[in-house]
Amino acid sequence: MVTPAVWVPNDPVPLVRLPEVPETLGNPALRRVWDEATAGAYVPDLLWRLSGRPRGEPVDGVRDDNRSAILPGRRVILDDREYVATVKGCGAATDAFQHAPLSVARLRSICRDPSLLQALAAEDGSEIGFITGERWFGNVPYGGQAPDNGAIGLLASLRAQGTDLAGFRICPIVALVRLPDACARIASSFYWYRRYAGAYWQELRLMPSNVRVYFHSPVTFGVDTPEAFALFGLSSLEACERFLENLARSALAALTLYARTLRFDDRTGRYLGLAYHDVWLDKDAVIAADGTMHFVDLEGIEDVSAETPAEVRETILHQFHRHVYEASYALEAMAAETHRRFRVEGDPAARRRWVIEILERAAGGDPCLRIERSRGRVVAHVAPRADADACSVEIEVASGEVS
Amino acid sequence: MQSRRVAEILEALKAGKPPAMSREELTVLTGGDLVRSFDRPTRDRLASEAERLVDLTGRVQELSRAVHGWSDGTGVFLGASGAYAGPGVREELRSAMNDLEELTRARAVVESLVWNDASESFCFLTLEGRRALADLRNWGARAGDLPHDEFRERLRNYRASLGNAIGRADTILRSLHGWTLLDAMPDFTRADLRLASIALTARPGDAFQAARDFASVFRSPAWQGTRREDHLVGAVVLAGLPGDAAAAMQVFQQTRYALAQRGILPDDTMVVAAALADLPDPDRANAMTRLVDLRTARPAVSPAILAGLARPAFPLEEALRRLEDTSAGLGRLGYADGEQAWAASAILAASPWPFDTALERFHEIAGRLPGAFYSPLVAGALLSTSLLEPTEAVESLEESIGAVTRANFFDLTVEIESLALILSHVVAPLDFHSALAGVPPPMLAPLPPQVVPVSTWFVPHNLWVYRPVVRYIASHPAHVHTIAGFG
């Protein structure tokens, strides 16, 4: 049975698909997604008009995060789960410096090209979103994407089989495209303070939903749990338990990403494994309709090296403890809402016991993880992908009597 | 089998203690799927099956590593996963995972088995048994002597009533949408209409008629110039009354005029008139006079707060004394002063309970309320006015919350508790009206919950429970009207 993709309707994003782009970096494993109907760059309608209306076709997007749009018409099934294509870097919806829509009126105020001002004067002033040339968070065009950030995400995607990176679920990048020069030239004419000097790229990725764990979507799992239940169509206790088990399994994989991607690099004589950089599960992961957590912002996961097994163990522990609260929050929110709807296991202690049981079950088939009760505690034994004898660690999952 | 005895057995099993149940009792409980039992050979077989779990887990891990292209021993990263698993590995893994699930379940059963001497068997509590135990803990004090089957039947009926009430509210809501009320009045939201619909389920009779009456009152030109919040209160209360809605509207406007004549400010006349709308003419005139006297005694407290006490339940002096005592009592219990504390005091003072009992009940209920209410004081006071024990009152709210969420009768999470609080007023939990031992009886003859006039609970609910929700919704427009989008 295929788990359908789910997304929360949001503001429409009028885009134009430009099939002719100067450069494309694709993910060979997802070549079939990059077909004639999908391939190309997706630019805001206004940017397309200002760029001289190159050959393209209109596409209706749905706003996801600030600079992303879902393409509901472009969906694909991988591993019995449906994914919807999303463009990241297709224009920011809000002003970079004010909590207000990035409207035509605001664009006029940051336009550095007098000839474009004339063209903008004819616009009706609706709130549309735009790719700008403001240098933002390091070296990224505000509303667009920088090539190096996109490439980091693509490299992570290339290491996965579809959406599966050694048990860690990701929203894989299908392709990176560089925007046509005409579009980049226009975008670079709009900035507040500092002009971005690099190339303008964007990425097409696949997402099972846009329901994030706690932040950055109109409905989030932690805040609007009952609404998320309605979205996912969870209507029985059994369905909730299956959902919770998938959530637990994928969360445990996310917490042990470093261990499950660990390898020894003979060239440098160091261990390498994937770690999170300035990304978090609460805002950078989405929950699929079957409960499986997928990590979205792949530009934030990169290899970190360790010289000795002791450093490896420390990194595994650091990663787990840095993110375990966010994962626990999602599990607790799910369990509490299940109780609220189906009236089982009344007290919070019983609910926590249930969550622990689910965690134990969820870890059952994990290649690098085993969860056990030991002297009144619940502990996870993490055996990394490489050099497990020297690099294994034991992490406390729950303290005190839990049975 | 008596409910009390069932509770004893289930509690023992839950605690892992010998339940000491007879064979007959075991037959009844297994028949009701509350308990399952195994003879010794079956238990031993299960235990031996469960012992395979360790080996099977190891095998599943091996297979999983093969599927994910785990290190081949040289420490070299193998790249994309899957390509290195030999033929049939994925199929074996899938089959082993299924076995793993079965064995995990078997182990959980084995670990929870408790020996029962009389039946010479091992027993354990089923999921249904755990649910039944939770119900007995919540409601068992009233149901001790009832046959357990009858107790369960009553609970089933209660839960079905909650579901039916939401179904009725949904019918009303669909009718209101059918009349495109929101197109004509864009100031109002779907959340407003949902609130109205669930409140109108309290009105006996045909759901479509309730919807028609509400639409008719809601669209009346008489509301012109009034605040939208007051417009909603007035329309719900008037449509919620039995009888001719147009006549009720006329009386309502006369009441507002009379209140203005008595010095009540125009902004307050709407909600006060709504709070008194169900009273017959002489009682309403009397209430208006009492309101003036209450205001004279407590000029700092708003008429909207005093309106409930103006209803002729207690003599005026006693009503005032109860208000003062309750307010002071809330202060002693550590509740902050302010408008909401006064509103809670007035609700408690007007309740049928002796003042100290009312305070105790409130204190217990307020401490157990979920954190979602913007004004837990008023929500707690409204729940305290019921004839249920505090734990039961909270339980009835939680059942209502469950019913609203299960039915997805909301757009936004913030609406749920507010709707459930109304539902808990509308649907009486179980069919128990007997007082518990040790609890003083109410001072006023209680009305059956189904006929408690909508005006008595809807007005304070609207003022202090719902309006903060509206303010939240108004400041978060992107979240409103969210509908699922499935691929």
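Author: Welcome! A helix here is a DSSP run of H or I with at least four residues. This is a predicted model, and helix α10 of chain B covers residues 207–218.

Reader: Where do B:F214 and B:F218 lie?

Author: Both sit in that helix α10 of chain B, four residues apart, about one turn of the helix.

Reader: Why is the pair of B:F214 and B:F218 called stacked?

Author: Their ring centres are 5.0 Å apart, with 20° between the planes. Rings pair if their centres lie within 6.5 Å, and planes under 30 degrees apart count as stacked, so this pair is stacked.

Reader: Why do A:Y214 and A:Y329 count as edge-to-face?

Author: The angle between their planes is 90°, at 5.2 Å centre to centre. Planes over 60 degrees apart count as edge-to-face, so that is the name. The pair links distant parts of the chain: A:Y214 is in the loop between β13 (201–207) and α6 (225–232) of chain A, and A:Y329 is in helix α10 (residues 309–342) of chain A, 115 residues apart.

Reader: Why is A:Y214 called partly exposed?

Author: A:Y214 has 30% relative accessibility. Buried is under 20% and exposed is over 50%, so a value in between is partly exposed. A:Y329 is also partly exposed, at 30%.

Reader: How many aromatic pairs are there over all chains?

Author: A search of the whole structure gives 23.

Technical notes
Residues are numbered from 1 along each chain as its sequence is written. Chains are lettered from A and ligands numbered from 1 in the order in which they are written. This is a predicted model: local features need pLDDT of at least 70, side-chain atom pairs count only at pLDDT 80 or more; totals for chains, interfaces and linings use all residues. Side-chain values use heavy atoms; hydrogens and water are left out. Rings of Phe, Tyr and Trp (its six-membered ring) pair if their centres lie within 6.5 Å; planes under 30 degrees apart count as stacked, over 60 as edge-to-face and the rest as tilted. Helices (H or I, at least four residues) and strands (E, at least two) are DSSP runs, numbered from the N terminus. Buried means under 20% relative accessible area, exposed over 50%, partly exposed in between (1.4 Å probe, protein chains only).
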